[in-house]
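Student: I would like to learn how to read a structure one feature at a time. Can we go through one together?

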Amino acid sequence: MSIRKTSKTLLKRAGLIPIAVGTLTVGGSILALYPQASSAQSNNTSHLSNNASNYGYTGSYIYGSKTGGGSSNSAAITNLTLSASSIPLGKSLFLENCSSCHGTQAQGSSRAPNLQGLGAATVDFWVSTGRMPLADPTIQAVQKPSRFSRSQTLAIDAYVASLSSGGPLIPNVNLSLASESAGATLFSTNCAACHTITGAGDALASGVYAPSLSVATPTQIAEAIRTGPGNMPRFGPLTLSNQQVADLAKYVGYLQHPNDRGGIALGHVGPVTEGFVGILVGLGSIMLAGFWIGGKNK
Amino acid sequence: MITQTTDWFDERLGIAKFTRKSLNKIFPDHWSFMLGEIAMYSFVILLFTGVFLTFFFVPSSKLITYHGAYLPDRGHKVSEAFASTLNISFSVRAGLVMRQMHHWAANVFIAAIIVHVCRIFFTGAFRKPREINWFVGTGLLVLAIVNGFLGYSLPDDLISGTGLRIAYSIVLSVPVVGSYLGFFLFGGTFPGNAIIPRFYTLHILIIPGLIIGLLTAHLAIMWHQKHTQFKGKGKTNRNVVGVAMWPAYAFQAGGFFFVTAAVIAALGGLVQINPIWLYGQYVPYRVSYAVQPDWYMGWLDGALRLMPSWEIQAFGHMIPNVFFPAVLLPGITFTLLGAWPMIERKITKDYEEHHLLDNPRDVPWRTSLGVGILAFYVVLFFASSTDVLANSYSLSLNFVLWAFRVLLFVVPPLAAFVAYKVASETGAVSTTGRRKRILIISRSSEGEFSTTETALRAPMHEEVIEELPEEIRYHAIKDGHEELASAIAVGAPSGGSTISTNDVDLGPLQSGGTGVYQIPRTPRGGTGDPRGRISRRDKRE
């Protein structure tokens, strides 16, 4: 008798389990949709400054850093000099990985653009963020772990830059001279309209999207600003001074690890996730409690 | 001492009778009747946390230079409203948890109202005589949504400022009076300096005052009319079966308040909501992509997103595009919602009083209509997050938008059809909703199998139906409730509490206490034999 009674009680309670599990699963999956930024690419950062001294200045292509932003502090961004000795390595890497679309002299083809004269910064951005080499040129390039080491990437940059003069050099951002506060204002004015105010990124029209900035390095941020990859507008030195670029890089770095007071951050995408949590977790758990203490139809 | 005090008041105010009646008030016990309570308790939490926030919030759009604790904003020109919200979040002790609780409570508050409305709708609890409470409830829903939006706008951050900009454009889109209305509401053109102080007054004084007034009316009418109940053993259209206010219901409801408060406090302490410091001060020329309103405005935002860019001419003027999704749609929505009891009455020609609830499966047409309409708004709600969905699932934003435009017209009829089928099919099965009985399968010595149905176990919380005490039966007969007195009785385990009809004190129960009681219900506006006013549904059975 008592065994049957116990089992029936258990059966009755078991009716609650699917509801509880369902609520938790749905809530959990929603949280899982917006994972915090992983540190997939962060290892690229440190190579830059360490290896910078190993590369001698190759020379003939100098980006006009003095032209814009009269009041800017040019020390906030210094240009990386590329070693001429790495050009043969860069050439072989380029022929192996890039030339099938861009051509052996980076002159471009029907599938890919001419890279001559775009500068080292352009090549460095696309290769170091893993967007190049690209599998399908018809869709937006996806950020992924780079196929090349930092020195290999710089070799490719040096090779392409050696083919033709012009274009921005690889910027090296001195974050200690940059201001987070100034960066915040610049970011909300110039960047938030696509990348969102938290840098989480979002979908734009026709399958194009503004990527998340959660793994961007200061150099990549400065390169993107100066070269305008993909749909992004190019911000030249007359629009944003070197100092302002450095400020932006610093603020984006802050956004990657912001002051997240208040508990679990729900992906920094605003009220969408908050609404789901409020309804499913908040109201859902209160309703479960009400179901538990309230009467049921017999 | 206590007796002396209460006697002192009783001799002057005569409160003892009222108190005793109140304590013996019968509440039908069903979990779905507690959904409205969630809303009420969330509102109480909103009041408490809101009062705390008013101590520190400065409702002013005056620009000052920020020198507070949040470093990335130092040196910026921000409004006093934004600066004080940062101050609440970073410097005021327990400020952030209070702010987050306030915001979470608002989200839960309106969500609870919606599920409460759904319960009322699908069980037909809005039918005569409860139409007035339906109107009041609709008003409360509108006020809650409006006040949520006002509160969301107060911190003057980039996201809410963008929402205000949209709201201003919506007001402007009203034909003929739009520009005057916008000027009146915003004190000039957008953004101006008047919005924050005005919205503050509306948010903390006028609309909460209206909500409290309507909520009191809502509860008083409910109290006066007595609660509805589901069909069940001993439950008729002429009585109320349930637990007494004191002690059973008071503890259940009081405990439920603490559950609600605990969940909201846990959310406020553990889950971040609206981190305005990451958004920054609102500046009209700045905008963030992916701006959504809080969830309860999502259906309007979704409607704005889905509306094609048609330019519609009427009376020689162009009617602004946003007028249709953002003014006409909510207008129609709340008008139809509020008028629903009248509309249903026109359809069913049912002029009877109903105190017994419909099970949703008993009225498939209403259930399917409700599900269909709800599905329409759910699609609109999800359409508010087109960009987030497109980004999360790596889809084209245009594809998601067009998918929602199609879904908006495909999902509601489909959901209504499925609901109709489910309701009518389950309603046709006599055992639906009954507790399943365990079948014992046995095998005879000849190898033949047979099944035996076991007896239904008494439920864990059986409502014990007992004979009415003689004295109460006398009063019931005297009041013309013979059918009650003879056929139905109440469970009354122990104690000495009383049970009362509407008007007549029935005196103490011989063994009253925490049991399940049923009391007669006097028909409203009825004349003659009360039994003549039994609903058609009851007659059919």
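Student: Does strand β10 of chain B lie in the open or is it enclosed, and how many of its residues are buried?

Tutor: A residue counts as buried when its relative accessible area is under 20%. This is a predicted model, and in it strand β10 of chain B (residues 449-453) has five residues, of which zero are buried, so the strand lies largely in the open.

Student: Which strand pairs with β10(B), and in what sense?

Tutor: Strand β9 (residues 439-443) of chain B pairs with β10(B) in the antiparallel sense, over five bridges. As one example, Leu439(B) has Glu453(B) in β10(B) as its bridge partner.

Student: How many residues of strand β5 of chain B are buried?

Tutor: For β5 of chain B (residues 239-244), the count is six of six, so that strand is largely enclosed by the rest of the structure. It pairs with strand β1 (residues 26-27) of chain B in the antiparallel sense, over two bridges. There, Phe27(B) stands opposite Val243(B) of β5(B).

Student: Now a single residue. Is His195(A) buried or exposed?

Tutor: The same cut-off of under 20% applies. His195(A) has 12% relative accessibility, so it counts as buried. This residue is in helix α9 of chain A. Its side chain reaches the backbone oxygen of Pro211(A) at 3.0 Å. Leaving out residues up to four places away in sequence, His195(A) touches Ala200(A), Gly201(A), Ala210(A), Pro211(A), Leu213(A) and Met232(A).

Student: How is the size of an interface given?

Tutor: Often as the accessible area that is lost when the parts come together. Between chain A and chain B the buried area is about 5,700 Å², and carbon and sulfur atoms give 64% of that. In residues, 66 of chain A are in contact with 72 of chain B.

Student: How many salt bridges and polar contacts are found across the interface of chain A and chain B?

Tutor: The rule finds zero salt bridges there. It does find 24 residue pairs in polar contact across the interface of chain A and chain B.

Student: Which element gives the most to the side of chain A that touches chain B?

Tutor: That is α12(A), with 18 residues. Elements that each supply at least two residues to this side include α1 (2-14), α8 (180-190) and α11 (242-256) of chain A. By kind, the residues on the side of chain A that touches chain B divide into 33 nonpolar, 23 polar and ten charged.

Technical notes: Residues are numbered from 1 along each chain as its sequence is written. Chains are lettered from A and ligands numbered from 1 in the order in which they are written. This is a predicted model: local features need pLDDT of at least 70, side-chain atom pairs count only at pLDDT 80 or more; totals for chains, interfaces and linings use all residues. Side-chain values use heavy atoms; hydrogens and water are left out. Contact means heavy atoms within 4.5 Å. Buried area is the accessible area (1.4 Å probe) that two parts lose on being put together, summed over both. A salt bridge is a side-chain nitrogen of Lys or Arg within 4 Å of a carboxyl oxygen of Asp or Glu. A polar contact is a pair of N or O atoms within 3.5 Å; within protein, one must be able to donate a hydrogen and the other to accept it, and residues adjacent in sequence count only if both atoms are side-chain atoms. Helices (H or I, at least four residues) and strands (E, at least two) are DSSP runs, numbered from the N terminus. Ala, Val, Leu, Ile, Met, Phe, Trp, Tyr, Cys and Pro count as nonpolar, Asp, Glu, Lys and Arg as charged, and the others, Gly among them, as polar. Buried means under 20% relative accessible area, exposed over 50%, partly exposed in between (1.4 Å probe, protein chains only). Two strands pair if DSSP finds at least two bridges between them.
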